[in-house]
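Trainee: Could you take me through the ligand site of this model in detail, and then show me how a few other places in the chain compare as surroundings? I would like one connected account that I can follow with the structure open.

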Amino acid sequence: MSTLAEDRLFYEIREECGVFGVFGHPEAANLTYLGLYALQHRGQEGAGICSTDGKQLYIEKSTGLVADIFSDKRLRKLPGFAAIGHNRYSTAGGSSLKNVQPLLATFSLGSIAVAHNGNLVNATELREQLEREGAIFQSTADSEVIVHLTAHSRADTFKARLIDALSQVAGAFSLLVLREKELIAVRDPYGVRPLCLGSFDGAYVVSSETCAFDLIGAEYIRDIEPGEMVVISEDGVESLKALHSHKKAYCIFEFIYFARPDSFIFGGINVNEVRKSLGRNLAKERPVEADLVIPVPDSGMPAALGYATEAGIPFELGLIRNHYVGRTFIEPKQSIRHFGVKIKLNPVRNILRGKRVIVVDDSIVRGTTSKKIVKMVREVGGAREVHVRISSPKTIGPCFYGIDTPTRRELIASSHRVEEIRKYITADSLAYLSLDGLRASVPNPDDYCYACFTNDYPIRFPGEQVEQMELLFV
Ligand code: AMP
């Protein structure tokens, strides 16, 4: 594939997100604000909330962080008993308000707002086809395709139109749709991204992750099932088997890196427990003599704890993270060298000095972070030996379903052997968890997508893009 075609493909698919919704509560927008706050880790580029009072939809959205966007004044502009919200992930393409969700549209059956987590793999074809038929797109977000397909459907009812639209799209979607009098939650047939249903104070709530339920004091009821459409209205909750589901393909990377450790996802499995067991299995597979185990905070934390417990080696916080590093940080041009990772992480010298240290991280993507961390632990921290242990297998394939990974050629492990990567990051030793070790860390391991580690993609690209995908992996 040409570089241009590959870049175009990736430009359009780089999104990660979080969604939250409420139906049947007088403080729907406030609760959605809190839900988005708890889901901030799923997206920091922008956020939006759309509410309904039964007569019309109201929307407020902006680029930035949830707490900066929503003031009291802004939340007061979102009246009503139901609301949906969305956090959008920062992408290389820069932030743009037009891509911040929910997307709002009005057509013959009334107004709809859509909040989407995941990525569609046939959005480009569908978009081109819709544009040929006269559709005018407001954004470059692939989610807008769903809105147009719904508007174009000739089915009688709104639900039938939405099902018609969703049966034409391929890829990952955990989707919330708000109309004047109902909230609809749908999960793609593979269940790639999480989506769960809860109750709060007589209302229903829907969220990407249960950590948002914890914040507002909601109770987890169950997951929205792959291929299921849940319609919440004054009449209660209706469950439809809307989309034929073939095989589950839950994203394993949610457990490794993306979801919050206090969440229970994919059928109520705790993320922290899985991460600890990744670390334990890594210690069994890849032991090394050392004085300390330290995590790369925050994502490496539970795996490092698991590793240290299994190996019987003391666990220490040898690297401290500054949590307040924002996108607007300006790097000084001169005088301060190698600023990069220092702004985020600082080694604790008295812990590391003279020690043989095992550094546990969840993944190596480009390898640049690991290289800087090894250097920092050795040169600034004063460690005698630095052994890097990664709590997932080699990341060799990009994600087409909603995790923001770079192109294949930028993934260091797609073209380098472990020993070459070790040399590059200047570690004394480097080891990854095996695929078997990863599979042993989750219940029902056949229910997951491991494509980023295996290049075995469960949801294929349609038409021309199948060839593009195959070309990518020769
Ligand atoms: P690098 O190898 O320098 O590209 O970065 C590896 C680091 O990025 C690891 O510490 C991971 O925790 C983190 N990471 C892995 N996947 C992602 C992702 N999709 N978005 C942001 N950071 C990530």
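**A close look at the ligand site**

Mentor: Happy to. In the protein chain, buried residues make up 57% of the 474 residues. Please keep in mind that this is a predicted model. The chain holds 18 helices and 23 strands, and its accessible surface comes to about 19500 Å², with 50% of that belonging to carbon and sulfur atoms. Among contacts with a separation of 6 or more, 69% join residues 24 or more positions apart.

Now to the site you asked about. There are 16 residues around the ligand, and those that come nearest are Asp361, Asp362, Arg366, Gly367 and Thr369.

In the side chain of Thr369, an N or O atom is 2.5 Å from an oxygen atom of the ligand. With Val365 the backbone takes part: one of its N or O atoms lies 2.8 Å from a ligand oxygen. Tyr89 brings in a nitrogen atom of the ligand, which is 3.1 Å from an N or O atom in the tyrosine side chain. As for cover, the ligand on its own has 500 Å² of accessible area, and the protein covers 85% of it.

With the site in view, have a look at some other parts of the chain. Strand E21 (residues 385–390) pairs with E22 in the parallel sense, over 4 bridges. One place to look at in this pairing is Arg389, whose bridge partner in E22 is Ala431. Strand E22 covers residues 429–432; Ser429 and Ala431 point one way from it, Leu430 and Tyr432 point the other way, and all are buried.

Glu228 lies in strand E12 (residues 228–233). With a relative accessible area of 1%, Glu228 is buried, because buried means under 20%. The Glu228 side chain makes a polar contact with the side chain of Arg222, at 2.8 Å. Leaving aside residues up to four places away in sequence, Glu228 touches Ala185, Val186, Arg187, Arg222, Asp223, Ser239, Leu240 and Lys241.

Phe213 is another one to select, this time in helix H8 (residues 211–216). At 1% relative accessibility, Phe213 counts as buried. Beyond residues up to four places away in sequence, the residues Phe213 touches include Phe20, Cys196, Leu197, Val205, Val206 and Tyr220.

Finally, go to Val325, in the loop between strand E18 (319–321) and strand E19 (345–347). Val325 has a relative accessible area of 32%, so it is partly exposed, a class that lies between the 20% and 50% limits. Not counting residues up to four places away in sequence, Val325 touches Ile343 and Lys344. Lys344 is 19 residues from Val325 along the chain, and the two C-alpha atoms are separated by 6.6 Å.

Definitions and conventions: Residues are numbered from 1 along each chain as its sequence is written. This is a predicted model: local features need pLDDT of at least 70, side-chain atom pairs count only at pLDDT 80 or more; totals for chains, interfaces and linings use all residues. Side-chain values use heavy atoms; hydrogens and water are left out. A residue is near a molecule or strand if one of its heavy atoms lies within 4 Å of it. A polar contact is a pair of N or O atoms within 3.5 Å; within protein, one must be able to donate a hydrogen and the other to accept it, and residues adjacent in sequence count only if both atoms are side-chain atoms. Accessible areas come from the Shrake-Rupley method with a 1.4 Å probe; for residues, only the protein chains shown count as cover. Helices (H or I, at least four residues) and strands (E, at least two) are DSSP runs, numbered from the N terminus. Buried means under 20% relative accessible area, exposed over 50%, partly exposed in between (1.4 Å probe, protein chains only). Contact means heavy atoms within 4.5 Å. Two strands pair if DSSP finds at least two bridges between them.
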